[in-house]
Amino acid sequence: MTFDASYILVSLKVALRYLHVTLLLSVIPLLAGIALGTPIAVCRKFRMRFTSQAAGVLIPTLRGIPLVLYVLILNFLILKPLDMLAQHYAWADRLRMMNSIHIGIVAMSAYATVTISETMRSALNSVPDGQYEACFSVGLTRGQALRRIVMPQALAFAVPVLCNNFIGLIKGSSIVYVIAILDVLNGAMSSAQINYRFLEAYIAAALIYWVLCISVERASWLLERRLRRHRAELTTRG
Amino acid sequence: MIRVRDARKSFGKNEVLRGVSLDVKKGEVVVILGPSGSGKTTLLRCINFLENADDGELTIGDLSVRFKHATKREILSVRRRTAMVFQNYNLFNNKNALENVMEGLVTARGIPVSEARETAKRELDKVGLSDKYEAWPSQLSGGQQQRVAIARAVSLNPEVILFDEPTSALDPELVGEVLAVMRDVAREGITMVVVTHEMSFASDIADHVVFMDGGVIVEEGTPREIFTRPKEQRTRQFLDRILLKYDYAI
Ligand SMILES: Nc1ncnc2c1ncn2[C@@H]1O[C@H](COP(=O)(O)OP(=O)(O)OP(=O)(O)O)[C@@H](O)[C@H]1O
Ligand SMILES: [Mg+2]
């Protein structure tokens with residue numbers, strides 16, 4: 001069978017029908033990771049009792065686990081019991097399908113939280129202590145210092161790394177084929193299952209991931225420029 | 001009026017403050033001298049609770065706190081009665097000059113934005129930066145940054161401003177502009193505690209000079225007493241060394 005570029009289009013069409021799944025599996029975990037990872041980073045930065053100790057043990061441990069295991073383990077822990085329930089009560093197949101997407105989102109979010117808490121921790125650490133001291137010296141509380149001065153600066157440091165985290169999530173989300181979720185990759189593959197044009201299907205999927213990642217990178221570049229405009233040439237002078 | 005009683009502070013086994021007592025009257029300028037490592041910075045940081053002293057007592061106006069037992073609330077009210085000018089300026093990097101001055105007024109003091117903006121402009125004008133309202137810290141020279149920092153401190157109208165070697169990080173040609181601004185601040189009758197190695201400046205503006213060494217106050221008095229007839233050997237040695245080094249005539 002020779003290579004036939006027109007089959008790329010065929011696969012693209014099918015794969016694009018599942019674009020929203022890939023986006024759900026990466027955008028929601030990104031947001032969840034920022035929402036949950038940032039407070040964890042703050043607790044560790046300020047050495048809050050209990051939380052920071054727990055995070056100090058958990059995060060390095062969880063960071064050593066590959067994404068595919070998050071998906072498999074959470075699938076096992078959540079879906080199997082649900083599945084049994086569903087069989088018992090004879091729920092529709094469709095419900096089970098939705099569930100596995102939810103599992104995928106939960107697993108990706110857990111993974112993203114671990115990754116992004118580290119991103120935010122190093123971003124927080126890159127803001128000099130002098131910034132906190134200046135805040136305290138004019139009478140700001142710790143919360144005000146974080147909100148008004150430290151976080152905006154930390155975010156500027158974090159944006160390029162968050163962008164990388166996001167790209168990692170987009171590409172990593174393709175791993176959900178192990179729990180049979182139909183996303184961009186699996187969608188493209190499903191068309192090849194009919195016409196046996198596997199290479200064309202792979203290329204179609206690659207094209208979609210590529211466009212997604214390029215767009216994220218571009219957006220991040222613009223955002224970064226906006227956030228950093230005040231530190232044009234912030235040198236060692238300060 | 002500021003009163004420090006028997007302040008003590010150790011970092012691990014290193015006893016940095018071994019019972020320092022200091023009185024600063026309202027409107028007075030107190031200059032603290034001393035060799036490197038004598039605890040000058042630590043003393044200022046304890047007064048501002050940037051460092052938690054192990055023992056001693058602090059009075060600022062009608063507020064008295066024990067260093068060891070200060071509550072969060074007391075710490076905040078001490079900080080809102082004091083202001084600090086740092087060696088490295090420490091301007092807020094994500095705020096322009098005007099916003100740097102406004103931040104404490106608006107966020108800490110709850111002053112309306114429009115009123116705070118007027119105050120901030122007035123203070124920046126006073127330090128000669130009326131054309132730099134919108135400038136980011138990264139666009140200002142060291143001397144300009146330090147003048148913004150002084151405007152930020154003065155605008156809060158604190159009971160005392162603590163200066164920690166405000167000119168040490170500056171290129172020599174920028175030192176003068178910052179000292180000039182500090183002279184103005186002193187002339188306004190604002191209470192100041194200044195750590196500096198600028199001897200001629202110290203002898204000019206100080207009402208009271210304190211010499212620290214090894215975590216204690218070795219000697220204190222008027223500038224004339226300290227600079228022209230120091231009683232203690234250590235003071236004399238220090239002055240000889242520093243005057244030689246900086247080649248200043250007093
Ligand atoms: N955060 C800290 N942790 C541990 N040791 C510290 C800390 N801050 C200061 N020290 C130690 O305390 C001693 C006094 O330091 P301090 O900065 O108060 O001296 P200084 O009189 O301001 O000196 P300089 O003229 O060099 O600024 C030094 O030995 C220093 O190493
Ligand atoms: Mg010092």
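Mentor: We'll go through a sheet, a loop residue and a helix pair in this predicted model.

Trainee: Sheet first. What is the strand order in chain B?
Mentor: The order is 6-7-8-3-9-10. These six strands form an open sheet with mixed pairing.

Trainee: Which strands stand at the edges?
Mentor: Strand 6 (82–85) and strand 10 (216–221) of chain B. Each has a single partner strand, so one side of each is left without a neighbour in the sheet.

Trainee: And how much are neighbouring strands turned against each other?
Mentor: By 20° on average, with direction ignored.

Trainee: What packs on the sheet?
Mentor: Helix 5 (residues 142–155) of chain B does. This helix touches strand 6 and strand 7 (160–164) of chain B. Its direction makes about 175° with that of strand 6 of chain B.

Trainee: Now strand 3 of chain B. How does it pair with strand 9?
Mentor: Strand 3 (residues 29–33) and strand 9 (residues 208–213) of chain B run parallel, joined by four bridges. B:Val30 has B:His208 as its bridge partner. B:Ile32 stands opposite B:Val210.

Trainee: What about strand 8?
Mentor: Strand 8 (residues 192–195) of chain B also pairs with strand 3 of chain B, in the parallel sense, over four bridges. There, B:Val31 is partnered with B:Val194.

Trainee: Is strand 3 of chain B mostly covered or open?
Mentor: Mostly covered. Five of its five residues are buried. B:Val29, B:Val31 and B:Leu33 point one way from the strand, and B:Val30 and B:Ile32 point the other way.

Trainee: Switching topic. Where is B:Asn93?
Mentor: In the loop between strand 6 and helix 3 (97–108) of chain B.

Trainee: Is that residue, B:Asn93, buried or exposed?
Mentor: Buried. Its relative accessible area is 14%, and the cut-off for buried is under 20%, so B:Asn93 qualifies.

Trainee: How far is B:Asn93 from B:Asn48?
Mentor: They are 22 Å apart in space, C-alpha to C-alpha. In sequence, 45 residues separate them.

Trainee: On to chain A. How do helix 2 and helix 7 cross?
Mentor: Helix 2 (residues 19–45) and helix 7 (residues 142–172) of chain A have axes that come within 11 Å and cross at roughly 145°. The crossing is right-handed.

Trainee: Which residues make the contact?
Mentor: From helix 2 of chain A, they include A:Thr22, A:Ser26, A:Leu30, A:Ile34 and A:Thr38. Helix 7 of chain A brings in A:Met151, A:Leu162 and A:Phe166, among others.

Trainee: How do the contact residues divide by type?
Mentor: Between these two helices of chain A, 11 are nonpolar, three are polar and none is charged.

Terms used: Residues numbered from 1 in each chain as written. Chains lettered and ligands numbered in written order. Predicted model: local features only at pLDDT ≥ 70, side-chain atom pairs only at ≥ 80, totals over all residues. Heavy atoms only, no water. Axes fitted to C-alpha atoms, helices over the stretch in contact; angles between N-to-C directions. Helix = DSSP H or I, 4+ residues; strand = E, 2+ residues; numbered from the N terminus. Left-handed = near helix turned anticlockwise from the far one by under 90°. Contact = heavy atoms within 4.5 Å. Nonpolar A, V, L, I, M, F, W, Y, C, P; charged D, E, K, R; others polar. Pairing = 2+ DSSP bridges. Buried < 20%, exposed > 50% of the residue type's maximum accessible area, 1.4 Å probe, protein only.
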